[in-house]
Amino acid sequence: MEKGDVKLFGIWSSPFVLIVKWALRIKGVEYEYIEEDLSNKSNLLLEYNPVHKKVPVMVHNGKPIAESAVILEYIEETWKNNPILPDDPYERAMARFWCKFVVDKLSPPIWRLFISQGKEQEEAYALAIENLKILEQELQGKMFFCGETIGLADISIGPLAYVMPIYEEITKLKMVDAERFPLLCAWMEAFLNSPVVKDSLPPGEKLLLKYRALRESFLAKGNK
Ligand SMILES: N[C@@H](CCC(=O)N[C@@H](CS)C(=O)NCC(=O)O)C(=O)O
Ligand SMILES: *[C@@H]1O[C@H](CO)[C@@H](O)[C@H](O)[C@H]1NC(C)=O
């Protein structure tokens with residue numbers, strides 16, 4: 001396999017960075033990882049991602065690519081081994097549909113319930129559960145969203161598998177319980193225990209502290 005020179009700019013706790021790491025790992029691509037400080041962004045990051053100024057940025061042979069969903073597609077097109085998208089165009093479209101569903105419909109209410117309280121939190125919670133039910137249905141008859149192996153949709157939904165328990169612990173709101181969501185629970189377990197993901201997760205305790213502080217700062221600001 002062509003090696004090339006791959007660099008990844010990230011921060012340890014970012015779900016968007018994590019999904020790029022998983023995709024590179026599935027492909028067996030070696031890369032140099034550069035930890036950014038988002039309160040003091042490096043000149044390189046600003047130069048590589050002048051539009052959004054965010055991580056992840058992946059630099060392949062000197063050429064920068066930003067936006068995790070775009071990076072994932074680039075990885076899939078550049079390294080053809082261990083495909084994360086199916087061959088069939090319709091199935092490819094469906095995998096992308098579920099990636100978009102997570103970004104547009106599922107993540108916003110989950111984030112909203114995490115940084116709010118009272119009525120606003122209740123409404124966000126109801127919306128999150130509604131959308132989780134849709135995912136639960138999609139998992140009927142399969143282990144992963146793309147079938148029997150981890151694919152693009154699993155990777156994109158993946159951060160939820162490790163962030164959700166942390167949100168639940170902090171807010172004391174249970175979202176993915178085995179009774180309501182048996183298939184999602186099984187998916188989470190299979191995903192988190194898969195060889196690609198298992199040893200790649202940010203330390204749970206450290207993440208918990210970070211998210212606790214984050215929620216408190218949002219609540220102090222009045223949810224703005
Ligand atoms: N849509 C972007 C989102 C990336 C993103 O939100 N990154 C955060 C870290 S989790 C960031 O770099 N924030 C820096 C900032 O907003 O200044 C993607 O999918 O890559
Ligand atoms: C910001 O980062 C630069 C290196 O990129 C470093 O020299 C500087 O000390 C940092 N400033 C702060 C306030 O951390």
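Where does Asn82 lie? I found Asn82 in the loop between helix H3 (68-78) and helix H4 (89-114), taking helices as DSSP runs of H or I with at least four residues and strands as DSSP runs of E with at least two, numbered from the N terminus.

I noted before going on that this is a predicted model, in which local features need pLDDT of at least 70 and side-chain atom pairs count only at pLDDT 80 or more, while totals for chains, interfaces and linings use all residues. Residues are numbered from 1 along each chain as its sequence is written, chains are lettered from A and ligands numbered from 1 in the order in which they are written, and side-chain values use heavy atoms, with hydrogens and water left out.

**Backbone entries.** Most residues other than glycine have a negative phi, and most peptide bonds are trans. I looked up phi of Asn82 and found a positive value near 40°; Asn82 is partly exposed, with a relative accessible area of 43% (buried is under 20%, exposed over 50%, partly exposed in between, with a 1.4 Å probe and protein chains only). Asn61, in the loop between E3 and strand E4 (63-66), also has a positive phi, near 50°, and is partly exposed at 44%. I then checked the peptide bond from Val55 to Pro56, which is cis with omega near 5°, and placed Pro56 in the loop between helix H2 (43-48) and strand E3 (57-60).

**Domain entries.** The domain assignment, automatic or from a database, gives domain 1 (3-78) and domain 2 (89-222), and their C-alpha centres lie 22 Å apart. Their contact, meaning heavy atoms within 4.5 Å, takes eleven residues from domain 1 and 21 residues from domain 2.

**Core entries.** A nonpolar core is a set of buried Ala, Val, Leu, Ile, Met, Phe, Trp, Tyr and Cys residues joined through side-chain atoms within 4.5 Å. In the largest one, with 71 residues, I listed Met58, Leu132, Ile155, Met175, Leu184 and Trp187 as touching the most other members. H6 gives the largest share of this core, twelve residues, and because both domain 1 and domain 2 contribute residues, the core lies between them.

**Helix entries.** I looked up how helix H6 (residues 152-171) meets helix H7 (residues 182-192), and found an angle of about 100° with the axes 10 Å apart, the axes being lines fitted to C-alpha atoms over the stretch in contact and the angles running from 0 to 180 degrees between N-to-C directions. On the H7 side the contact includes Trp187, Met188, Phe191 and Leu192.
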